[in-house]
Amino acid sequence: MSDLADHGRSAVAPRRGAADPVKTLMHHHRELCRRAVDPMEIAAGLEAHGVTDRTAARFRHRDVFSLAEEMYARSSHDDAVTPHPERTGAPRLAPDQVLLSLLPGALCAAAVAGLHLTGGRTRLAVAAAGVLAVALGARAALRHGPLSTPGHTPPGTSAPGTRAATYWLLAYALLGDGLLAATVAGGPDGLPDGTRAGAWPLTTAPFLALALACAPAAWTAHLFTARARRRLTTSRGLEEFTAFVRPLLLGAFGLFLCALTALLAACAAVLHEPAGYAQALALGALLLLARLLVTHGFTHAPAVALGAAAAVEALAQATVLAGRLPGCGPLAGPVDTLVTARGPGAVQALACAAAALALLAHANRTLTRASAHARPEEQQ
């Protein structure tokens, strides 16, 4: 980000002796000026390159939007350029996108039903097939649904480790609490058998709720993006846009948490298992915020947050196991105390909640800027 800001300052700094510094700025952003269909697009592009109101003051303008208005008025626009669909109205969810958002939950529900209807080796085969099916369903939903990244993050540009950390967090949601409880008690005495009564119990109710929550996550993300882009057309300044989008972001985030809470209660009632509200809500919030940031082109912070949460969970398991070694008993003390006082889900809840709060603060700064919602070509 510092390199981008430095580039923005160098690109817009008025040259000494230049008779028309605004013309120089327009030259640096000539493609942006040519393609813009309104001044707000230019303002968003300038913001993406680190131009601030202080920078605009060097060009004798009160703010970035006022500078963008002059650049737009002085630009020669291509008559063939017409407003894009996302500029003239909020895009609607296509039927295939709706189905893709429902796919992970449907596959997970089928897998859970299979676990309850089978036993022995057949149950293990059903569990393995169910995990694979849910993973493929989630992958399809993330690649082609409302939570995909068309135009913002080309394939292969995600920060390293993001996918591995996500898989770890989801696997821990299903297996981690049972393993930690068994480890603290001196086990585990065997492999998971797909039930809560085994030596290594599964937490299927929270996992099923998280899979079903792919649909409300996609819908709330679409609502946030569509409303923000629509507001981008009508706003008369960057501050006005931010003032509108900040409560919109918090509202969409809260709406998702309410939907996830309802799903947790329903799954717990149907499966007769604990809902695990704290850990499931923390993980759901973390995954939603990470995906929102990635779909808008911010990949570094989600990778760090997801990796940190996964590392804390792995470290908790490792310290309990290390405490069994001669002379290493104190290593397991903090985790043993936490699990005894709050249960095995406390480790997951604390790790994911801390990472989610950090991402929420980051999203409140980045996703409320106009440049986060501009088309990629507007930022060139």
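**Reading helices, burial and contacts**

Colleague: Ala266 is placed in helix H13 (residues 238–271). How is a helix defined here, and what kind of model is this?

Modeller: Helices (H or I, at least four residues) and strands (E, at least two) are DSSP runs, numbered from the N terminus. This is a predicted model, in which local features need pLDDT of at least 70 and side-chain atom pairs count only at pLDDT 80 or more, while totals for chains, interfaces and linings use all residues. Residues are numbered from 1 along each chain as its sequence is written, and side-chain values use heavy atoms, with hydrogens and water left out.

Colleague: Is Ala266 buried or exposed, or something in between?

Modeller: Buried means under 20% relative accessible area, exposed over 50%, and partly exposed in between (1.4 Å probe, protein chains only). Ala266 is partly exposed because its relative accessibility is 40%.

Colleague: Where does Leu174 sit, and what does Leu174 touch?

Modeller: Contact means heavy atoms within 4.5 Å. Leu174 belongs to helix H10 and is buried, with 13% relative accessibility. Leaving aside residues up to four places away in sequence, Leu174 touches Val131, Pro201, Leu202, Thr203, Thr204 and Phe207. The C-alpha atoms of Leu174 and Pro206, 32 residues apart along the chain, are separated by 7.7 Å.

Colleague: What is around Thr220?

Modeller: Thr220 is in helix H12, and its relative accessible area of 7% makes it buried. Not counting residues up to four places away in sequence, Thr220 touches Ala252, Leu255, Phe256 and Leu288. A polar atom of the Thr220 side chain lies 3.1 Å from the backbone oxygen of Ala217. Trp219 is also found in helix H12 (residues 214–234), but Trp219 is partly exposed at 37%.

Colleague: Which residues of H15 are buried, and what covers them?

Modeller: An α-helix has 3.6 residues a turn, so residues three or four places apart point the same way. The buried residues of H15 include Ala305, Leu306, Ala309, Ala310 and Glu313. Their cover includes helix H10 (162–184), helix H14 (277–295), helix H16 (333–342) and helix H17 (345–366).

Key:
A polar contact is a pair of N or O atoms within 3.5 Å; within protein, one must be able to donate a hydrogen and the other to accept it, and residues adjacent in sequence count only if both atoms are side-chain atoms.
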